Amino acid sequence: MNTDSDLIIVGGGLNGPALALAAADAGLTVTLIDREANPRQAGANPRAYALAHGSVNVLRATGVWSRTGDGQQPILGVRASDGRAGEGASPLALILDSGELEEGPFGAMVEDAVLRRALWEAIDAAEGIEVITGIEISSQTTEGTRATVTLADGRTLSSALLVGADGGRSGVASRAKISRTGWRYRQMALVATIAHERDHEGIAHQFFMPGGPLAILPLTGRRSAIVWSEAEGIAKHYASLDEPGFLAALRPRVGGFLGELSIEGARAAFPLALSLANRIVEPRLALIGEAAQSVHPIAGQGLNQGLRDVATLVEVIAEARRRGEDIGAADVLERHRRWRSFDRAALATATDAFVRLFSNDDPFLRAFRDLGMEAVTRVPGLRRAVMREAAGLSGDRPRLMQGLSA
């Protein structure tokens, strides 16, 4: 086993393997560590991801997207409106059509099992990546010119840069004494896959219910992913119901536009919170994905932000290497922090505001948001700006998000 590499990445979920592939493509050597014995297996995870066009570009550039095969469903339209159980959607709505974008669809939906398999197939085929699984890290240091981790079996590994891609309860961040800022929303997300009688036509729907948003996101075939946010107590009750009981609660909220519904596979529920690492870089260390920021799924930006972290960090360190700089030096990592700082702050502020604006039944706020969504639909310049932002096509995009090598 090689005990020395350019990067040590901790976390074998989705962002960690994506970073490993991008870094290896840039000519860096990588050690990828995960405490799970087999992170390739998604288990019964029913999650699916709404990947923006820019995120698809990252996966395409790293050789992952072609491995998803027929498991990808293009997102051709978005419709968002207020709703109440049994009453249907408000006539005032935000309606976006990807036909107005030169680049094509807004992005694509892909299920966790499909994306995880594609990432690990690409890892197995890549050169310059060493994988260590099924073991905990007992300690880490980031001193001098090297970052060092000690595994539970006593092995010691070193690198120029240590990256935490190990989730919202990041061990890398905790061992570095990096604190977090945030709060819980007293909501839970209920996640499931439904099969339905009618075609979804590639349109992602978002209904803003009094207890929280309900997203109905198109999957391959006549299937959709459900992300249903609800007050904690109510959500726990719905999560405890058997399948017929859960469907009885869900049907009046979805309405009849998809025809008959049935549940496919497992269901899951998880609490919702905003959580930001107070520092995402320090000498020899960087945090990406949920280790850096975890937000409410109301805007579907969780994995998209993680892949933006990947694209930004790889571009910064690859460019530093070409210049002959130390990729783990404080001034190099500060470039990554500056590049990500506005986007992270804007995302946290926007998602928090959306939750507070849309997760209630206040008549004044309902009227305000309904008129706002209708205005975006009717004003071409504003509508186009919203579409490009939703597709990850605006702002200062890293090269990988443009489909280019880092």
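**Reading the terms in this structure**

Q: In which helix is Arg388 found?
A: Arg388 is found in helix H10, residues 380-390, where helices (H or I, at least four residues) and strands (E, at least two) are DSSP runs, numbered from the N terminus. This is a predicted model, in which local features need pLDDT of at least 70 and side-chain atom pairs count only at pLDDT 80 or more, while totals for chains, interfaces and linings use all residues. Residues are numbered from 1 along each chain as its sequence is written, and side-chain values use heavy atoms, with hydrogens and water left out.

Q: Why does Arg388 count as buried?
A: Buried means under 20% relative accessible area, exposed over 50%, and partly exposed in between, using a 1.4 Å probe and protein chains only. Arg388 has 18% relative accessibility, and therefore counts as buried. Not counting residues up to four places away in sequence, Arg388 touches Leu101, Glu102, Glu103, Leu393 and Ser394, where a contact means heavy atoms within 4.5 Å.

Q: What makes H1 largely enclosed by the rest of the structure?
A: Of the 11 residues of H1, 10 are buried, so the helix is largely enclosed by the rest of the structure. Among these buried residues are Asn15, Gly16, Pro17 and Leu19, and the elements that the buried residues pack against include strand E1 (4-10), strand E2 (30-34) and helix H7 (302-322).

Q: Why is H1 called roughly parallel to H7?
A: Two packed helices are described by the angle between their axes and the distance between the axes. Axes are lines fitted to C-alpha atoms, for helices over the stretch in contact, and angles run from 0 to 180 degrees between N-to-C directions. H1 and H7 pack at an angle of about 25°, with their axes 10 Å apart, and that makes H1 roughly parallel to H7, since angles under 35 degrees count as roughly parallel, over 145 as roughly antiparallel, 65 to 115 as roughly perpendicular and the rest as oblique.

Q: How many nonpolar, polar and charged residues does the contact of H1 with H7 have?
A: By class, this contact has nine nonpolar, two polar and no charged residues. Ala, Val, Leu, Ile, Met, Phe, Trp, Tyr, Cys and Pro count as nonpolar, Asp, Glu, Lys and Arg as charged, and the others, Gly among them, as polar.

Q: What is the handedness of the crossing of H1 and H3?
A: The crossing of H1 and helix H3 is left-handed, a name used if the near helix is turned anticlockwise from the far one by less than a right angle, with right-handed used if clockwise. H3 spans residues 112-125, and its axis lies 10 Å from that of H1.

Q: How do you know that strands E13 and E14 pair?
A: Two strands pair if DSSP finds at least two bridges between them. Five bridges join E13 (residues 203-209) to E14, and these strands run antiparallel; His205, for instance, stands opposite Ile216 in E14. On E15 (residues 223-231), E14 has an antiparallel partner over six bridges, and there Ile226 is the bridge partner of Ile216.

Q: What makes strand E14 mostly covered?
A: Eight of the eight residues in E14 (residues 212-219) are buried, and the strand is accordingly described as mostly covered.
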